[in-house]
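Colleague: I'd like to learn how to read salt bridges in a model. Could you walk me through some?

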Amino acid sequence: MRRTPLESLLLYGTVVLFCLIVLFPIYWMLVTSLSPANDLRSFPPTFLPAEPNWGIYYEILTTRPLLLWLSNSTLAAAAAVVLSLSVSILAAYSLSRFRIRGGHSLGLFILVSKMLPATLLVIPLFVIFRQAGLVGSLWSIILAHSTLIIPFSTWMLKGYFDTIPTELEQAALIDGCTPLGALWRIVLPAAAPGIAATALYGVVLSWADYAFARTFLTSEQTAWTANVGIATFKGEHIISWNEIMAASALTALPIVVIYLFLERYLVSGLTAGSVK
């Protein structure tokens with residue numbers, strides 16, 4: 001059905017308005033980072049700084065170990081996602097392909113475990129990590145993040161595996177593949193969009209964590225992640241909002257890059273080309 005000019009105008013106007021609402025916090029973060037500290041409380045607010053202070057980014061990179069904190073966050077997120085996907089793929093494939101007694105209830109139990117808040121897991125995990133001697137190391141963050149990523153990833157990947165025709169695996173088995181070979185050569189390539197979406201979810205969840213990182217990491221700055229480090233920008237009497245926003249902008253940049261890299265998988269068809 002062809003739209004009238006008025007309907008098209010309303011549609012595009014709604015899309016533009018929605019984009020402005022969504023992107024305005026990001027824009028305001030950038031404006032705040034470039035504004036002098038004295039202009040942050042001015043009224044009416046300044047939507048474009050008269051003299052942008054680009055040096056604030058160089059200042060926080062040279063006076064604070066922000067790059068080290070970002071590398072710690074990157075290492076923790078990458079390791080947590082790899083560990084979580086290694087477990088979730090096998091668990092989800094088992095729930096999808098093998099019919100066992102109580103399998104559906106087990107899947108629901110895994111999903112319900114995702115509903116547990118991080119604050120409920122902090123104390124028992126801290127006790128376990130302290131007894132294992134992991135408090136203060138990135139391994140504590142990696143394992144803690146995996147406890148949050150694995151349940152949802154397992155349920156999400158199970159839904160993707162359910163949509164992949166079993167005939168593809170049966171044909172691979174006839175050709176001489178083992179079950180694990182069929183999983184590696186047939187199922188995983190066909191489920192690449194689902195795995196990419198799950199990996200992106202895990203990276204964002206790990207990258208945005210503060211509760212676990214603040215609890216398990218020591219007061220040594222070299223072990224902090226970016227979120228813990230940025231929290232120290234807030235002083236007892238003075239809050240440097242321009243420094244906080246500049247560091248936040250640099251911290252959000254890797255997530256944007258990762259999304260741009262995985263975007264083609266997210267929008268592609270789940271089993272596009274698999275039958276061919």
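Modeller: Happy to! Let's begin with Asp-162, which is partly exposed at a relative accessible area of 39%. Buried means under 20% relative accessible area, exposed over 50%, and partly exposed in between (1.4 Å probe, protein chains only). This is a predicted model, where local features need pLDDT of at least 70, side-chain atom pairs count only at pLDDT 80 or more, and totals for chains, interfaces and linings use all residues. Residues are numbered from 1 along each chain as its sequence is written, and side-chain values use heavy atoms, with hydrogens and water left out.

Colleague: Which residue forms a salt bridge with Asp-162?

Modeller: First, the general idea: side chains of opposite charge can pair when their charged atoms come close. A salt bridge here is a side-chain nitrogen of Lys or Arg within 4 Å of a carboxyl oxygen of Asp or Glu. Asp-162 pairs with Lys-158, with 2.9 Å between the closest N and O atoms. The two are 4 residues apart in helix H6 (residues 138-162), so about one helical turn separates them. Helices (H or I, at least four residues) and strands (E, at least two) are DSSP runs, numbered from the N terminus.

Colleague: How many salt bridges does this rule count?

Modeller: The count is 3. One of them joins the side chains of Glu-169 and Arg-97, at 2.6 Å from N to O. Glu-169 sits in helix H7 (residues 166-174) and Arg-97 in helix H3, 72 residues apart, so this pair links distant parts of the chain.

Colleague: Are Glu-169 and Arg-97 buried or exposed?

Modeller: Both Glu-169 and Arg-97 are buried.
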